[in-house]
Amino acid sequence: MNTKPRRRIVWGHLLLLIVIVGVVIAYLLDTRAASLRINNLLLVQPASILALILAALVLPGIFPRSEATEEEPEKKETTGDLVRVFLLIAALAGLAFSLETIGFDIATFAFMVVALAICGEKRWWVNLGFSAIFTVALIYGYGSITPFPFPLTIL
Amino acid sequence: MIEFTSVWGAFALLGSDLNAWLYLLPGLVIGLVFGAMPGISITMAMAFALPATLYMDFLPAIIFLTAIYTGAGFGGSVPAVLMGIPGTSSAVATTFDGYPMARKGQHNQALGIALASSVIGCLMSYLLLLFLIAPVSNVVLRLGPLEMFAVAVWGMLLLGSLAGSHLSRGLLAGVFGVLLGTVGMNTAGFTRGTMGIPWLLDGIPQIPAMMGLLAASQLIGLINTNYLITDESSRKISFSKIVGGVRMALSYPTIIFRGSLIGVIIGAIPGVGSSISNLLSYSETKRNAPDGDTFGQGNPKGVIAAESANSSSEGGAMATMLALGIPGGGATAILLAAFAMHNIVGGPSFIANNKDIVYALIFSNFAQAILLLFVGLGFVYVASYVVRVPLRFLIPSVLVVATFGAYAIEGSAAGPITLWVFSVLGWAMVRYSYPVAAAVVGLLLGGLLEGNLLRTNQISGGDFIGYGLERPWALLIFALMLGSLMLQTLSKRRRRKQTEREAQANAASEAS
Amino acid sequence: MHSKVSRRNVLKATAGGVAMAALGMPSILRAQDGFPNRPINVIVPFDTGGYNDRLARAFAPFLQEALGQPLTIINRGGAGALLGHTFFLQQPDDGYTILCTSAAPYLPLNILTQDASFALEDFYMVNLPSQDYTLLATSSGSDIQTIDDVIARLKEDPGSLSVGLQPASADLVNFSILCEANDIDMEAVRIVTYDGGGPARNAVAGGVVDIGLVGGEGFLPLAEQIRPLLTFDVRQRDGWEGALVNEVLGEDPDFVVGSQRGWGLHASMQESNPEVFSTLVEAIETASKNPAAIEALKNQQLATDWYGPEESNQMLARTATVMEQYIDLLQGT
């Protein structure tokens, strides 16, 4: 594989491209499974093929020559910074998937506390106070203008 | 054209109940606040106010509702500029340059520009409405799928200019967006890519996906930054700079005029409206600007183009509603319902028989636009304090607000889940230099492209060219599009030659 | 202050079965101390601004008056009302959640084409005041004058006319019945599919398609731009000219009525909460017959006619049976 030692692999980019290509292929197969009629394939099939061609053109960018600095978004980024990003993404997932089951009040408050901590608020009393006030304000504020109530547990 | 007896009738009507004007201010404020909340659509704001108008007289009811309409139209631009959140699809192009301006510390100017462009766009659209209402209504219904497809393709041209330095990545993002935009049941009833999830039948929820791609992804990436604006001295809230932005917008009358024209025309087409007009206006402005390369990095012209087009779409939608009695979107559907509650039914005979009401509506909207300038100044002044909030508070708060908005617009966890999936995708795309905006444009236009391509195929029996030759309006749109592209290439070449010549001249003069 | 408390109750109420179960409080016990004693939710399985939403919002003040408790309208749009219908059935059948929907064609469609988790019998329609019908029309500038012109042209060459309609709709079924009766090869007809009634009607009015089949009530604002050719009903509707379906397809014709919209309850409530059930049915009847309600809804071009539960459920069941015969047509275009 590594016949040219000067080339590197940008793993994150490779992963992103695999996801995109995977979604495109799965979508094309699902569309073809639904029906082979022209009214179904008219746009999706050519667009999918175009996407796959474009993905092939992007491929060299994943294996840049090592002196190329352009492909290095994580210039000053430490592993710690990246961990915080992933923690925040995980916290947001927790919020999105638990809202309806544990109630907007609990889910929002929990997310606020965790996310504030991840984002660097070290004073715990500030964190808890802000999270509580913000949660209550948001639930009553948004709650009064949306065309349906939010599922709540405590408030 | 303009009938002066009706104009006097309109003034008499507007003056008949001065108390009606008391509803102007609350209407605008409600609109601004609702519009500025991500996920709360103009339709929702108006649906809430509708029951209250049941017990009002006709004039105050209409003034109240249209004031909400106008206010909400601008309200969506505030989060678009300050946080990069397009609360509605009509504010997407505003984020392209408005948000970079805010990040550079030009938040005051950006908001002032957005406000002024909106106000002028709104004024212009109603002015155009006075003259265009009859011809527009004649054409609108004749627009078939091929014409709509042409409009969608025009919007897709934006992909080329959004791509930036990595052309293949930009196009891949755009095509990927288009594909995602066709998920669900297509117009012929075929269901694809839903993975058995019922809510995907209607496609991927657009607004949560956009908020995720454009805003949440940015916020996640900002986690290691302390403030939205890095330079502390730029974090000031300055009223004079907001006013400076207003003045700056005034110095680009061509862009505003073009935006307003695009807005009125596209806004008049039922079912297309402001979500496309802001993209078209942005794309045309960028293509024609000598400094087009700096669009997307905080060029004020981008904000002017987007804002003048999305606010003028209101006038276009109103033209269709008044002339044909058909709603172009949810907001005009509510207005029609309010008309009906007072025994006034829209349609061709409505304009003929009620010219005074039509003019009264137009004049009251002039008043709204002007009042919006002042109310809006106060509103953006307060709203811009957001830039002073440390990011460690702002990131979690805005993520939660976006989640609530996503829930509000979908009515179920489908919204927040979509938001999450697309914010992760957006974060990864930003990290590896894919333009997320291209994916958003694709996502917005995918359904429109497919539906109308498909209907063109159905209606023509597969004979696209033969059918196309029978459609003068489609040919005209395609011709305009090609013309615009060619003009751009020509002017680019001319500019390049000019710089070369200047360089040569300089070299020559130095040599001598 | 007071309003805040009641707001809380609304929110709590809709925390739904989860909260109820958690509190260990059977809904029937609450209902007994004088139903209703808290606000009632109205589920509209469509977005704001559509017919059902407008109907629910316009009717709500009068139903509130009859029930003595405020109503909260909850829009749960999406997937052809499937999401809203499913959500409605998931709510407890204690009478604090009622439904305002286009029962036909959406309930049968959900069941026949979308693998819905419910059956028609899970819903009990109290009244379906809005009875839409398919109208076959052309643009007022068209050279097609009568339905006979349409049939003659399609018989000669099925590809000669483009036909605008919505996929998986009553209108599509009616068109196929018309084709079948006249030996027209429907496969060869240029059918143009639209995502909603509005766009399809605009295409008819603008002459974008040669003819269109869409719900007739929605055509009213466009009356001047279209020429009605055939009403799929045995009596004249909304003053449309043109033929009636029995004049074209013969006596006792086979056709599907259009959208049947109105008020529904959990069918299970008849056994679980019979008193609450009859209170609600009576309240809807009282409100429907309230002259002020009739006046207000008429002004908004909304229907209030009282057909009653028996007739409403029969009408719905009849529509569902006819639609079932055309299941292949509805499943794939």
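Predicted model: local features only at pLDDT ≥ 70, side-chain atom pairs only at ≥ 80, totals over all residues.
Which residues of α1(A) are buried? Residues are numbered from 1 along each chain as its sequence is written, and chains are lettered from A and ligands numbered from 1 in the order in which they are written.

Helix α1 of chain A covers residues 11-34. Helices here are DSSP runs of H or I with at least four residues, strands are E runs of at least two, and both are numbered from the N terminus. From first C-alpha to last, α1(A) reaches 34 Å, close to the 34 Å expected (1.5 Å times one less than its number of residues).

Now, our answer: A:His13, A:Leu16, A:Leu17, A:Ile20, A:Val24, A:Tyr27, A:Leu28 and A:Thr31 are buried. Buried means 20 or more other C-beta atoms within 10 Å of a residue's own, with exposed at 12 or fewer, partly exposed in between, and C-beta atoms placed from the backbone. Their cover includes α2 and α3 of chain A, together with α9, β2 and α19 of chain B.

Next, the largest nonpolar core, with 330 residues. Such a core joins buried Ala, Val, Leu, Ile, Met, Phe, Trp, Tyr and Cys residues through C-beta atoms within 7 Å. Helix α7 of chain B gives the largest share, 18 residues. B:Ala45 is among those with the most contacts inside this core. Beyond neighbours within four places in sequence, B:Ala45 is in contact (C-beta atoms, placed from the backbone, within 7 Å) with residues including B:Ile30, B:Phe34 and B:Ala72.

Definitions and conventions
Contact = placed C-beta atoms within 7 Å.
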